[in-house]
Amino acid sequence: MEGLNPRKVVSLVFIIGIAVVFTLNFGPGSFSKSSGFHASQSSNAAATVNGKEIPLRDFQRAYAMQINNLRNRGNPIPESVARQYIAPQVLQQLVDVELVSQAANRYGIVPADSELADIIHRNTDFQKEGEFDFNHYRQVLRDYYRITESQYEDDLRHQLAAQKMIQVVRNGAVVSDDEVKARYEKDANQAKLVFARFLPTMYADKVPAPSATQLDEFKKAHAKELSDYYETNRFMYQQPERVKARQILVKLPADATAQQKADAKARAEAIRKDIVEGNKDFAAVAKERSEDPGTRQAGGDLGYVERGSLEPALADAVFALAANSVSEPIETKLGYHVVKVEEKQAAQDKKLADVENDIATTLYKQAQAKELAKAEAEKALASVKGGKKISELFPAEKPGQPALQRFETETHPEAVETGSFTAGGENVPYLGPAPQLIAAAFAAKGPQVLDQAFPVGEGFVVAEVTDRQKASDEEFTKKKDELREQARRAKQIEMEESFLKALRKQATVVNNTTAIEGVTGNG
């Protein structure tokens, strides 16, 4: 699955989540919630919410629907991503629907019979030739939805009450004139920049290794930084026992008979005999006779392997071998392995004293590279103040390529145009958080060169304001009604989120982890 990352998955889940829950609650076979409360959680429940069960089949249906929706959008989902990101979202959506339904019951919110009838009559599942048909309604409920009329209508009323509860919350959103004006002034205050950034990595190859004297002085002056670096990156200095090995595999089918196993073992023993007694080169034999397509062409080379990366039986046999020895045939579910251990490395746990010089050299070179980046940025700033354009000094190597793609491989500063952004945000497009740069950009009255090299992330940025738009009373009057509606919708969302947050905080929710893992394939 290329091009899909967890953050994107979570965004897509939020986008389509409401539609999925709505379909679940109003689609075939979905109304399986009983109207009573249960004191204990059964194996058929995905969760209990204040004692009321959410049936596992509701979760199964919603989870499958969520996965299918993502796939239909061209995003195949690995099982691990689905379990980690999508399953919790689906379960939370179902819990939220139940919490809101229970809140509606407490507030006495009951849908009218006419509303219920209207939804049923408009459902195309219950229509014949475009008209509601009662007999067809009963047949679909019995044969397709697999639910009784009373169950369907009770649960439909339950879901309508939840919708009405949310609408009551949203209707409480009131926006004052001051809020509308503040929103306008924030959104209308805009700027455009062109910038070039100077990163230490662009100058790292120009920094020589420190002399012994420089290294000693650096270690004395930066003892805490060295210690912090070591603790943060300690995993780099800890290495489990590992071996460098090659293998020859004689494959077995998953349902191999005793005779097939005996024949495969005999072949593996013959291969080992040719190598050990016939003095044949292991790699050459692997290229000719191994049945492992992943390593055959490389002469069976496995590289360095750790115990945990091998099946237990294979790991026990391989790590018991001495260097430059060849194993007897080792049986695993794949077949029989003949393994040669070429090198053994004991486990390592390097202390700070063992790697102090290496860390000091790394940090010294980073610091020097950062100073070079700052010096180059200040040199560029002087040129821009002298009348040069950033786009002329640092033209884009591939002008049509998006800035973020250029950033992945950039080795020198390039001019980047931000497009318009507002004073209300904390980020500069393509740069991320840059509070000093934002403050300077919006302090500018119009197009101008900003008068310092700004620290942004690990590097420095030289920037020029190319356009400034400010709020005006005339424009505000034109857009006031539109802005009020936008502000009202934003406040409705905030109120709905706050309402849900309060319900969650007060609720007793017990998730049936075992049952959920059974659905997602992690059990």
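Biologist: How many of the 11 residues of strand 19 (residues 459–469) are buried?

Modeller: A word on the basis: this is a predicted model, its residues numbered from 1 along each chain as the sequence is written, where local features need pLDDT of at least 70, side-chain atom pairs count only at pLDDT 80 or more, and totals for chains, interfaces and linings use all residues. Side-chain values use heavy atoms, with hydrogens and water left out. Strands here are DSSP runs of E with at least two residues and helices are runs of H or I with at least four, numbered from the N terminus, while buried means under 20% relative accessible area, exposed over 50% and partly exposed in between, with a 1.4 Å probe and protein chains only. On that basis strand 19 is mostly covered, and its buried residues number eight.

Biologist: Happy with that. Which residue of strand 19 is the bridge partner of Phe198?

Modeller: Two strands pair if DSSP finds at least two bridges between them. Strand 5 (residues 190–198) runs antiparallel to strand 19, joined by nine bridges. Within this pairing, the partner of Phe198 is Phe460.

Biologist: Which residue in the turn between strand 18 and strand 19 has a positive phi?

Modeller: Strand 18 (residues 454–456) is joined to strand 19 by three antiparallel bridges, and Val456 has Gly459 as its bridge partner. The two strands form a hairpin with two residues between them. In that turn, the residue with a positive phi, about 65°, is Gly457.

Biologist: And strand 17 (residues 448–449): which residue of strand 19 stands opposite Gln448?

Modeller: Strand 17 also runs antiparallel to strand 19, over two bridges. Opposite Gln448 stands Val465.

Biologist: Let's move to strand 7 (residues 242–251). How many bridges does strand 7 make with strand 11 (residues 335–345)?

Modeller: Strand 7 is mostly covered, with seven of its 10 residues buried. On strand 8 (residues 301–306), paired with strand 7 in the antiparallel sense over five bridges, Val305 stands opposite Val243. On strand 11, His337 is the bridge partner of Leu249. The pairing of strand 7 with strand 11 is antiparallel too, and its bridges number 10.

Biologist: Which ring lies under the charged end of Arg242?

Modeller: A charge sits over a ring if NZ of Lys or CZ of Arg is within 6 Å of the ring centre and within 35 degrees of the ring normal. Lys181 lies over the face of Phe476, at 5.2 Å from the ring centre. The charged end of Arg242 is 4.2 Å from the centre of its ring, that of Tyr304.

Biologist: Now the aromatic pairs. Why is the pair of Phe126 and Tyr152 edge-to-face?

Modeller: Rings of Phe, Tyr and Trp (its six-membered ring) pair if their centres lie within 6.5 Å; planes under 30 degrees apart count as stacked, over 60 as edge-to-face and the rest as tilted. The whole structure holds 11 aromatic pairs. In this one the ring centres are 5.7 Å apart, and it counts as edge-to-face because the planes stand at 90°.

Biologist: How many residues apart are Phe126 and Tyr152?

Modeller: Phe126 is in the loop between helix 4 (113–122) and strand 3 (127–128), whereas Tyr152 is in helix 6 (residues 149–171). Both residues are buried. The pair thus links distant parts of the chain, with a separation in residues of 26.

Biologist: One last stop, the open sheet of order 2-1-20. Which strands stand at its edges?

Modeller: The three strands pair in the antiparallel sense, and strand 1 (residues 45–49) has three bridges to strand 20, with Thr48 opposite Val510. Each edge strand has a single partner, so one side of each is left without a neighbour in the sheet; these edges are strand 2 (52–55) and strand 20 (509–511).
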